[in-house]
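Biologist: Could you walk me through how to read this model?

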Amino acid sequence: MDTSKLPANVFDPNCPSRVILQRIGDKWASLVIQVLGDGPVRFSELRKMVNVVTPKVLTQTLRTLERDGLITRTIHAQVPPRVDYELTEMGASLLEPLRMLREWAESHVPAILEARDAYDEEQDKAVLGSAGG
C-alpha cells in the first residue's frame, strides 16, 4: 500500500509526519535552523553560535537536516576546503513557526520557573510529611 498518498496524521504512530515533528522539535535541529536563518554559515561558526553542542552531534544534526531537504551543504574548492550550510526554501519556511515558539518560550520562562519551584516545594513537603509520619 502506498502510504505517500494518505493524509498526514501526526497522531498515527506509523505516519512519517510524527518523525518529522520529532526532528523539528529536537533542540539542536531547531537551533541550527534558526542560526541558518541569517544566511550560509560554516561548521565552526555554526558550532560557536549554537553553543555547547559537540562536533559529532552537530554533524549528525546537519546530515539529518540535509537528508530531510531542510538545508544544503556546499563545498567550495579552495585550500583548505570550505563547507557552508544554508537553509533550503523548505527549511526557511520553518523560521516563522520556530520564531513564534522561541518567543513564547522566552516570554514564559519566569512563569515556568516559578511553577517548577512551587511544584518542587510541594513535592518536598509531601516527602517530608510522609517520612515524619
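This is a predicted model: local features need pLDDT of at least 70, side-chain atom pairs count only at pLDDT 80 or more; totals for chains, interfaces and linings use all residues.

Biologist: In which sense do β2 and β3 pair, and over how many bridges?

Modeller: Strands of a sheet pair through backbone hydrogen bonds, parallel or antiparallel. Here β2 and β3 (residues 82-87) pair in the antiparallel sense, over six bridges; DSSP must find at least two bridges for strands to pair. Strands are DSSP runs of E, at least two residues, and helices are runs of H or I, at least four.

Biologist: What is the strand order of the open sheet?

Modeller: The order of its three strands is β1-β3-β2, with antiparallel pairing. At the edges sit β1 (41-42) and β2 (71-76), each pairing on one side only.

Biologist: At what angle do helices α3 and α4 pack?

Modeller: Helix α3 (residues 43-50) meets α4 (residues 55-67) at about 110 degrees, their axes 11 Å apart. That makes the two roughly perpendicular, a label for angles of 65 to 115 degrees.

Biologist: Which residues make the contact?

Modeller: From α3 come Phe43, Leu46 and Arg47, and from α4 come Pro55, Leu58, Thr59 and Leu62, where contact means heavy atoms within 4.5 Å. That set divides into five nonpolar, one polar and one charged.

Note on methods:
Residues are numbered from 1 along each chain as its sequence is written. Side-chain values use heavy atoms; hydrogens and water are left out. Axes are lines fitted to C-alpha atoms, for helices over the stretch in contact, and angles run from 0 to 180 degrees between N-to-C directions. Angles under 35 degrees count as roughly parallel, over 145 as roughly antiparallel, 65 to 115 as roughly perpendicular and the rest as oblique. Ala, Val, Leu, Ile, Met, Phe, Trp, Tyr, Cys and Pro count as nonpolar, Asp, Glu, Lys and Arg as charged, and the others, Gly among them, as polar.
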